[in-house]
Every structure is written in structure tokens, then in C-alpha cells.
Amino acid sequence: MSTDRLYIFDTTLRDGEQSPGASMTREEKVRIARSLDRLRVDIIEAGFPAASKGDFEAVQAVARTVEYSTVAGLARTTPNDIDRAGEAVQPAPRSRVHTFIGTSPIHMEAKLRMQPDDVIEAAVTAVRRAGRWTDDIEFSCEDAGRSEVDFLCRIIEQAIDAGARTVNIPDTVGYNVPAQYGDLIRTLRERVPNSDKAVWSVHCHDDLGMAVANSLAGVMAGARQVECTINGLGERAGNASLEELVMAVRTRQDYFPCDTGIETTEILPTSRLVANVTGFHIQPNKAIVGANAFAHESGIHQDGVLKARETYEIMRAQDVGWNNNRMVMGKHSGRNAFRSKLEEMGIKFETAAELDEVFARFKDLADKKHEIFDEDLQALVTEVYAQEVNEVYQLQHMRVCCENDVIPEAEVTLLVRGEPQTATARGDGPVDAAFKAIEKIVGSDAELRLYSVNSITGGTDAQGEVTVRLQEGNSVVNGQAADTDIVIASAKAFVNGHNKLAQREFREHPQLAADL
Ligand code: KIV
Ligand code: ZN
């Protein structure tokens, strides 16, 4: 069987970020991009540069950071979008402009209010303009899954003639079923006269739970790029999950005529990082990266696995990053061991001062907690990065009174731009009281959209990792923190969210914005 290369186009930082509440700061995007680079994804779609100054700068920062992957920026077909995307990805060693326009009757009539010929004209003009910036141009037919095949053939042929080197066929609304989607890819490849001049790409959403199956049907029909996200993050029900696609193809090399260049041992750390940053935690039974994905609970299964692993396991847990680096650290671990441990986990600090800061926090944690696992270090680093936003507020002191039959009360002191301010409040519980006291100081009317506490490791001395999602107007941010005391972790996460809101940027949603 021939083994073609299957290109992995990761859109966690763009389509993934469009998931309500999954917005990321520039620094968070850069950290995830580094992890995707280590994972060896072929293309990282870093964002939608025309959406806002913040998005432009985030894409540019990713382009400056990434060493291996091509960096793509998304653009509608307008000259401004194309130029913003082209400019933002310039610093990358390899850059791509990805332009798209709606091609289904409903998109053309209701959203774009354009005639089909004008849509073709806009696509061709955009692809040509993108050629001013790079040779690597991708063209997507938004809502291709509900578009007319004859029209798709016309627009794709002309986009390829204009210079598109990748053509992407999104099932934007997750409407297709595998056999139908596979047929669509096969038919288009057969009917578009210059189809051999481009790489065919699939991009499937998971509204009916078929994004991965549809993408793989597309691969069997000849697509050689799959667009996907870590943990399947994305619009509504999400996109096809990178880890499932990659491991399906890798595990079933007897079936698929292609393979990816993914460094699979980086899957789990990347998945954890994305879950950490977005606050979208992974369900235990999620394929590949869920806590139970390789756990054998029943006696019969355990017995079988002990006798011969293959009786119940089709993949090796360590191949996707489980159990690789569980070197435990403790209070006697030195700075060098700590640094090399972080480097093993792919975490490098720009300055010695940053390393000192994290090391000091590690020592504090080691005083409270006997053994420190990889997950603890990951949370610690996430917190340090999260606090790198220019902090307006800092938690200086907190006292919470919590007794049965007594209304909980919290007294909180924040440093507000360096000046201490104290407030007290009562609440339904200690966390509620602490949040109310913080709100009094911050004076914001942000709504709490999510409050989640996750135990990072086992045991009662485990750190609680808290995510709070705050919304103020159109801005949604995630605040994170971890501590062995979950009330303190909650207060720190709440303060972190308010710091992010204090420097928010409004970002336009690319598929809600009118295509012109
Ligand atoms: O789902 C979709 O159609 C998209 C395009 C912008 C590629 O995300
Ligand atoms: Zn999409």
C-alpha cells in the first residue's frame, strides 16, 4: 500500500477559538502554537487577522515563534482581509493565506446577497491578491457540504487557475454523512479539470457527531489535508478532533493509504494545555486523551491485558504521551532538575527571572504538597503565564469564615495598580462570598459564565485547578489559577479573569461577519 503524506492543518487557534468562551490571549496562543509545533502539525491556522488588532498581533506573534509548521491566517475575500492576513503571517518561515467565501445557495442568497458569478469573481480576485503575499494559498468553499456540485466545480477550477494550491471542502454545519461526504470529494476530484494541481482538504464540523468519520471518508476519497482541532474544540459541537484522526490513520495503516508526520507522544501534553487554557475540560471517556481512554477496570479486561496487551488494546498509551514523563518532583528537587524537567515538557522561559519566579512557586507548592507531578507543573506554569497579563489587580490577602449554620463571609484585599483596597462580603458559600468581595473592589458588572474546579491529580492534597469564564458585553475571557486550597484558587482565577477583561479586545467572528 502506498503511503502518501496526509497533511495536518490544525485550526485550534482559529476555529477552535471561535467556540463560545474559548477565547485566548496572545500569550496563550503562542504557548499553544509552540506545543503544536512540537507536535509537528504541518499547518497552524493562528487566527483571523482582520478581526481585530489583537487577533492580528496574536497571529504575528505565532508567526514569529513557530519554527517547523507553516502559519496560516484566515481571510474573507475582501482586499483588506487578504492584506491583513498576508502581513500577519509574513514573519513565519513558511506562511499561508487561507481565504474563504460561502458557496451554498443559502449562504450566497441570504448572507452574501451575491449572484453566483460574483462569488466566483470575488474568490478569484482574492486568491490573486493573496499571491502578492505568498505562493501558499488555500481557498475554502464555505458550506460546501450543502453547495451544488456544478457550482463547486466551477469556482474551484477558477480558484486553482488563479493560484490556490489547497482547496478545502468544509462541511461547515456538520450536515453530511460519511459516504455522502466521501462521494463529494471523489466527484469533485474527478470533475474539476485541474484537480491535480491542488491538495484537496477536508474540514468537518461535529454537529451530528460525524466530523472524524466524514473527514476519514474524505481521506479515502483522495483528500490529503485534514483540518482539525485539539480535543475537537470548535464552533458549536466542535471540529474533527486531531488526536482521533491522527491515531485512526496511524493505527489502521492496513486500511489508510497515507500517514501523517505527527509526533504522537506530544498529543497528550498538547491536549492538556488546550484544556487548561480554554477551561474546556476533557470528558474521561474521550478517545485517546480522556482519563479512561487506556484504563482497564474490569477483571476480565485486566487479566487479558496482563497476558497479552493486544487482547484489549489497539494502541499503546505511551505512544500518545501517557505515562512518559511522570517523573515526580519534591521539595528537595533543585533548580537544575526543575529546569530540565520543564524543558522535557517543552516549557522554556525567555529569562532567568521568569524561571526564578516559577521555581519559587514550585518551592511554595512543594511545602504544601508532598509529590509534584507533571500535571502540577503544567498548572503552575499556566498560572504564571496567565498572570503575565499586565496585572491591574493582585490578590494580596484573603480571609474566609466558613462554619455550618453561619453565613460565610470573606474579607479580601487586592492591590489595585499597587494600592491596597479591602472589601468584605457574605455569600451562599465561601467562593460566592470571596467573589462578591472582589466584585466590590473591581466594580465590574461582568457575568460569571462558567466556574469549574478540577482536581489536577489524585489525593486530598491535590491542587484544585479553577477556571472562571467572565463575560462583559461582547468580551469573554477565561481566568485560571491552581492552589491546594480551592477557595484561594477560585479567588485567584476570578482576579485573573478581571485582569484579562481589563485589557480586552473586541474580536469579530469570521463566520458571523458578512462576506463581501
Ligand atoms: O467551517 C468552515 O466553513 C470554516 C471555514 C472558514 C474554512 O471554518
Ligand atoms: Zn469551520
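Helix 4 passes helix 6 in a right-handed crossing, a crossing being right-handed if the near helix is turned clockwise from the far one by less than a right angle, and left-handed if anticlockwise. The contact is formed by Pro79, Ile82 and Asp83 of helix 4 together with Ala126, Arg129 and Ala130 of helix 6, where contact means heavy atoms within 4.5 Å. By class, this contact of helix 4 with helix 6 comprises four nonpolar, no polar and two charged residues; Ala, Val, Leu, Ile, Met, Phe, Trp, Tyr, Cys and Pro count as nonpolar, Asp, Glu, Lys and Arg as charged, and the others, Gly among them, as polar. Helix 4 (residues 79-89) and helix 6 (residues 116-130) pack at an angle of about 30°, with their axes 10 Å apart, and the two helices are therefore roughly parallel to each other.

The model is predicted, so that local features need pLDDT of at least 70 and side-chain atom pairs count only at pLDDT 80 or more, while totals for chains, interfaces and linings use all residues. Residues are numbered from 1 along each chain as its sequence is written, chains are lettered from A and ligands numbered from 1 in the order in which they are written, and side-chain values use heavy atoms, with hydrogens and water left out.

For helix 2 (residues 26-39) and helix 11 (residues 267-278), the axes come within 9 Å and cross at roughly 165°, and this pair is therefore roughly antiparallel (angles over 145 degrees count as roughly antiparallel, and those under 35 as roughly parallel). The crossing of helix 2 with helix 11 is left-handed. Glu28, Arg31, Ile32, Ser35, Leu36 and Leu39 of helix 2 meet Ile267, Thr270, Leu273, Val274 and Val277 of helix 11, and these residues divide into seven nonpolar, two polar and two charged.

Helix 8 (residues 178-191) and helix 9 (residues 211-220) pack at an angle of about 35°, with their axes 8 Å apart, and their crossing is right-handed. Among the residues that meet are Tyr181 and Ile185 in helix 8 and Ala213 and Ala217 in helix 9.

Ligand 1 is surrounded by 12 residues, the closest being Arg14, Asp15, Thr172, His203 and His205, with a heavy atom within 4 Å as the criterion. An N or O atom in the side chain of Arg14 is 2.9 Å from an oxygen atom of ligand 1, whereas for Asp15 the corresponding value is 3.1 Å. A polar side-chain atom of His205 lies 3.0 Å from an oxygen atom of the ligand.

Definitions and conventions: Axes fitted to C-alpha atoms, helices over the stretch in contact; angles between N-to-C directions. Helix = DSSP H or I, 4+ residues; strand = E, 2+ residues; numbered from the N terminus. Parallel < 35°, antiparallel > 145°, perpendicular 65-115°, else oblique. Polar contact = N/O pair within 3.5 Å; in protein donor to acceptor, adjacent residues only side chain to side chain.
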